[in-house]
Amino acid sequence: MPGKLKAKIVAGRHLPIMDRASDLTDAFVEVKFGNTTFKTDVYPKSLNPQWNSEWFKFEVDDEDLQDEPLQITVLDHDTYSANDAIGKVYIDIDPLLCSEAATVISGWLPIYDTIHGIRGEINVLVKVDLFNDLNRFRQSSCGVKFFCTTSIPRCYRAVMVHGFVEELVVNEDPEYQWIDRIRTPRASNEARQRLIFLMSGELQRKIGLKVLEMGGNAVVGYLQCFDLEGESGLVVRAIGTACTLEKISSTLPATATHPSNSSPSKDMKDSPQAAPSTLGCRSTHSSPVHSASSRLSQGFSVSVPTLLFAGMGSGGSAGKEAGPLKALLRQQTQSALEQREYPFFPLTAFPPGFLLHVGGVVSARSVKLLDRIHNPDEPETRDAWWEEIRQEIKSHAKALGCQAVVGYSESTSICEEVCILSASGTAAILSSRFMQDGPLDTEHRFEEVVSPGCGFCHIPYDELNIPFPAQLTYCYCCRRYKVPDVLFTTIDLPTEANVTGKGCLIQARLCRTKKKAQGEGNATVISNLLPFLEYELHTQLMNKLKLRGMNALFGLRIQISIGETMLLGLASATGVYLTALPSPGGIQIAGKTPSDITYEQHISNMQKKINDTIAKNKELYEINPPEVVEEIIGSPIPEPRQRSRLFRSQSESSDEVSELDLSHGKKDAFVLEIDDTDAVEDIHALLTDFPTPAGFYSCNTEIMPGIQNWTSAIQMFTSVRVFRLNASLTSQGLNKIFSDLCENLLKSLYFKLRSMVPCCLCHLNFTVAIPEDELIQVAVTAVAMSFDKEQLLENGKQSGEKTLIKAITENDEQLQFNLELNAETPSPNPLSSPKGLSEVGSHLSARALSVDYSSFADRCSSWIEQLKLKAHTIRRGSVKTTSSMEKASPLPEGRSRSLRSNRSYSGSSVAVVKMTPLSFIPGAKIIKYLGIINMFFIRETTSLREEGGVSGFLHTFIAEVFAMVRAHVAALGGNAVVSYSMKECVFMENPNKNQAQCLINVSGDAVIFVRESELESTSVQTQSATTHTSNGAEGT
Amino acid sequence: MSVELDVFVGNTTIMDKEVYQLWLNGYTVNDAVKVRIEGGVMEECEASAEVLLSDTMDQYRTFQMCERLLHHPAKLANQLLFQFHPQIPPDRQAMLIERYYAFDDSFVREVLGKKLSKGTKKDLDDVSTKTGITLKSCRRQFDNFKRVFKVVEELKGPLVENIRQHFLLPDQLARDYAAIVFFANNRFETGKKKLHYLTFQDFAFCAGQLINNWTLGAVDNIMDDMDVDLDKEFLQELKDLKILITDKDLLDQHKSLVCTALRGKTNVFNEMEANFKNLSRGLVNIAAKLINAKDVRDFFIDLVEKFIEPCRSDKWTSIDVNLYLTHYTNSAHILDTFKHHAVWTRYMGVIKSCILRMYHD
């Protein structure tokens, strides 16, 4: 009996009128967990009932605690007929299961009905008493922390990065079960919501098990996705990076002695894995190693050859040897990574020194035919599919001379029975110092040589054996290693990178018609089209990149969507000018038939236009690469060829000032042949891109190079557009429409957010879909952040991002120190699990047990915290104080409370909750992560016109989803959601029947942040307080 | 090819004040776009008409979603659907409410004193044509009146305070609504041609006087009392004032006292002297009749006909009127046989300030 869940229903407000006669409601509440249900009394005739119920107690397995949501149903009592449901609240209690996350859920939560939307609010209190049964830890993985953030969370330090974790569970979709024909839409929606809740919980628990097995205590970059395969079922899958994280506290030395505990994973293997869950959904996988022998039961499967988007140019070049050090390094890290089946990391930002070299983007796609998942217990086909793709990615990375893939993500697009599985990432070489093998001295020496600003640009592959045509030059920063001419990546711009000027969002958009087909024929058609689509997207990206005078792409995300009669491709990335890379050549237009004079004229006009645009863009994005003259004197240029090249570009740009930057060597110029109709289109596409209005910048990465002084004004938003194509169009016509759709959407965003100027739209995340034939849906989620224009004014008040970066580097210093320690202690596992606890000292665990049973706050204490606790109590000169730790008022808790009370004074009784897709909040410090928010909602209507048509319906729904996310975060005690994303927004309509349905899935990390200004003012007091209370704080 | 769906939802709700006003004024989306284009917002932000249309539709939808809450402004403070800008939530919400409940003086003049019934609502299109205010806006204003009326009708305690608390309105607006509710409840006639020259603010002022002095709540501070109805007991007592005109001695005595006081202080002394009996009869008759609900309705028209018009035709200035009414009121207290001092003061205090307010062109 490892857990007791307690819930108390306090009150309701703003309830809908359920009894027309009295204009009132007789409300009562059902509280359900698993198969146990409790009821409150009926509170008669009120729209603001005060139930003030007793504590409802559920005694449950921790496995169920992880899988099941707490389900609260508000009903209207009716003496004569059946009670009417007002709505429901699902509460994910997972945040309460982790010692470092939230301790209580308390607050007003919206009551939600899938037909009517939000119908009032309910005030609840939920707590969990978790008993640490030390012999358990079999099926449950309580205590593993989950983060959606794709970097090391701000108040943690990465002790170890273990690697890739993945899992998927499948089930039948209730919407497609026979029973759906006879039940109400509400019942069907609720069955679906509940099932997905259960599946998410189960998935998370299983991932957690894998993490524990690997010796980690957290998952970073947790990405969970749904595949609504229709008739064939429902797949929930997730990937993440297993890490061992440690909370950064001011009392550092506690970590100095690492326990040499025996690995808990060993015990894990001995334990029986069987115990099938009592829930509807199952998956066979309990270990990260898959049986490779799983046969494909599918009739059809096509793997699509994919391009390596690494760099591009017109030929290779000979150069200096990369040096033996690099080879040595590769060998060492190779061995560390080769032990892993998939050396993949869904992270997009890394602790400094982790990312050594970046090869380029690797991606793989495959087209599959879906058929019904016959046995949900054996989702082997789905697993085998992903395994294929991952193998392909792995081999692509190898071809680039890399052992790891970072910024890794997986996605699907489904149309009828055809499914495209896609995976992409960035091939890279990583430092082994975060890996289990432990750091090596040689590597450290090697790293010292490389400057952090350009090191990651240096090619990881053997230049004599380049896997693709690339033009290599010596790094423009250090002049010692080779760099490619263009670099594409899926990761965020490393904070330490040297960048010239500012960046901008670059999108390639493509729409292709295809014939209607069925089954295998359809799959063949699609798989034949895919390579062309990818090639064209790549060309467009490259053109647009050059048009902006930039040489690298970050955060590249290519989405391909399939419909009955068309394919959509959308590639988004943030273009920057990396100082280390050579200046890009211009774009040159050439005609094949130079006889005609008017034609020549036409070409030169176009050429001029392009040149003008490039020049304008360079000015706009402040791209003035530093002149290389001094460097030529200062740094050793080893090769004459290189020198001549440099001289040329330099001399030309100084001699012919009027001649625009095409002058960067005709040799480098990207030639477009105008006779090619595709090229004409490309050029048009290039020139029709709408320039961002003055005062605006945009990117799809976390931060914008060149902008640092963010103000605290942020605005997260979601915008959705659906476009109907009425006529049969050519591919070109479609292309134009699709491109205009995206451009117009951006224009609207700029207009909407004009009051925030100067501002930057960060993390612009576009998703496209073809919900129906002739419909294109584009959804954007991003955050607009204002910044101070005057860089000079910034001196006095330190801006948010700058201090954040500073904080990171400070952490890094601590981290380095810690790493050295790590190197000395052979066992790299300071795993903070109660498992470890039992093995270290009986006196400690015995005490911990008593604490666990007596005090809720100290449940699930980790070994390190116990140590600190002990130190703390000793310092206090009393051993009995453990249970009184609660009274010691844990600092973050105390602060959050005071924050909330402050807010309530400001006139509004509703706490403000910030939301952002980024991992940080400008001008603020995240002091606590409360757990992940992962919510799934369905909304349906049969009175579409009355609700304001499709736009009115979706507008309300999205606003409601935001409101529910905010309310749940506030109930956890948080004041912000970071790394927020809307991963699914499936919209279906039937205007003839006046009906519409929409599914939305959102996720993020609930956090408590404190404004830096507040922090500074109180820092003196808290500093001293922290040393005393932080220990206690972590115990809660 | 058409945009089938187009929404924008921010974590903090973006509301453009200008568009809000256009929406309140009942402009259609297309008309609002035209107004905005003329306003020059496009040049300012490099936008196109298309963008403006999308933005306007979006804003209109937001306002419509918000309207439900604006009907119960107290809910706006603890609703969860909209998150307003964290720094200035009270300001922004107050602005939303204030503007939503704001009304046009020309509109309110049309419905002031009318029963807030379905019948009146049906006639709103006439009002709309007459005033040039869009029907939509007329309906909103009318519904606001009706909503406030319904809520405060059943509440105990001071009227203005009730309105302010329930609808979170600023003081002045709450007073105006109190006037509207008071007029609607007592069905004062305000539409007659002779009253056309009076503005809503004139009536609101008078309503304030009546509420503060003539209702039950005015004398009694017990919570049970209501501000909406006139004090019946007081109206009954007003009948006693008739003695001032029925008793010939008293009337003459009153006249001579007033004339003595006024002599040499005004240019229209002769007219005053000549008209004294007429004017006095007028005012006292109004008082005596107020016990009948029907005559209450004619209160303002009576004031104009019986007092203001005669004075005006004799070219009294408002200083003259003030002077006259002051002495007229005070002199009555010196009369030997006149015993109803309290009622007289209560009556004449209001009459004097109402007449002074209404005495203009």
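Biologist: Which residues in helix 17 of chain B meet which residues in helix 18 of chain B?

Modeller: In this predicted model, K248(B), L251(B), D252(B), H254(B), K255(B), V258(B), C259(B) and L262(B) of helix 17 meet F269(B), M272(B), E273(B), F276(B), K277(B), S280(B) and R281(B) of helix 18.

Biologist: How is the packing of helix 17 of chain B and helix 18 of chain B described?

Modeller: Two packed helices are described by an angle and a distance, both taken between their axes. Helix 17 of chain B, residues 248–262, and helix 18 of chain B, residues 269–289, pack at about 145 degrees, and their axes lie 10 Å apart. The crossing of helix 17 of chain B and helix 18 of chain B is right-handed.

Biologist: Turning to chain A, why is I182(A) called exposed?

Modeller: Exposed means over 50% relative accessible area. The value for I182(A) is 66%, and therefore I182(A) is exposed.

Biologist: Where does I182(A) lie?

Modeller: I182(A) belongs to the loop between strand 10 (156–171) and helix 2 (185–214) of chain A.

Biologist: Which residues form a nonpolar patch on the surface with I182(A)?

Modeller: W178(A) and I179(A) form the patch with I182(A), and together the residues have about 370 Å² of accessible area.

Biologist: How many of the residues of chain A count as buried?

Modeller: Of its 1036 residues, 62% count as buried, a term that means under 20% relative accessible area. The accessible surface of chain A comes to about 37,800 Å², and carbon and sulfur atoms hold 52% of that surface.

Biologist: How many helices and strands does chain A have?

Modeller: Chain A has 19 helices and 33 strands.

How values were computed
Residues numbered from 1 in each chain as written. Chains lettered and ligands numbered in written order. Predicted model: local features only at pLDDT ≥ 70, side-chain atom pairs only at ≥ 80, totals over all residues. Heavy atoms only, no water. Patch = residues over 30% accessible without salt bridge, like charges linked within 9 Å, V, L, I, M, F, W, Y side chains within 5 Å. Areas by Shrake-Rupley, 256 points an atom, 1.4 Å probe, with all protein chains shown as cover. Salt bridge = Lys/Arg side-chain N within 4 Å of Asp/Glu carboxyl O. Helix = DSSP H or I, 4+ residues; strand = E, 2+ residues; numbered from the N terminus. Buried < 20%, exposed > 50% of the residue type's maximum accessible area, 1.4 Å probe, protein only. Axes fitted to C-alpha atoms, helices over the stretch in contact; angles between N-to-C directions. Left-handed = near helix turned anticlockwise from the far one by under 90°. Contact = heavy atoms within 4.5 Å.
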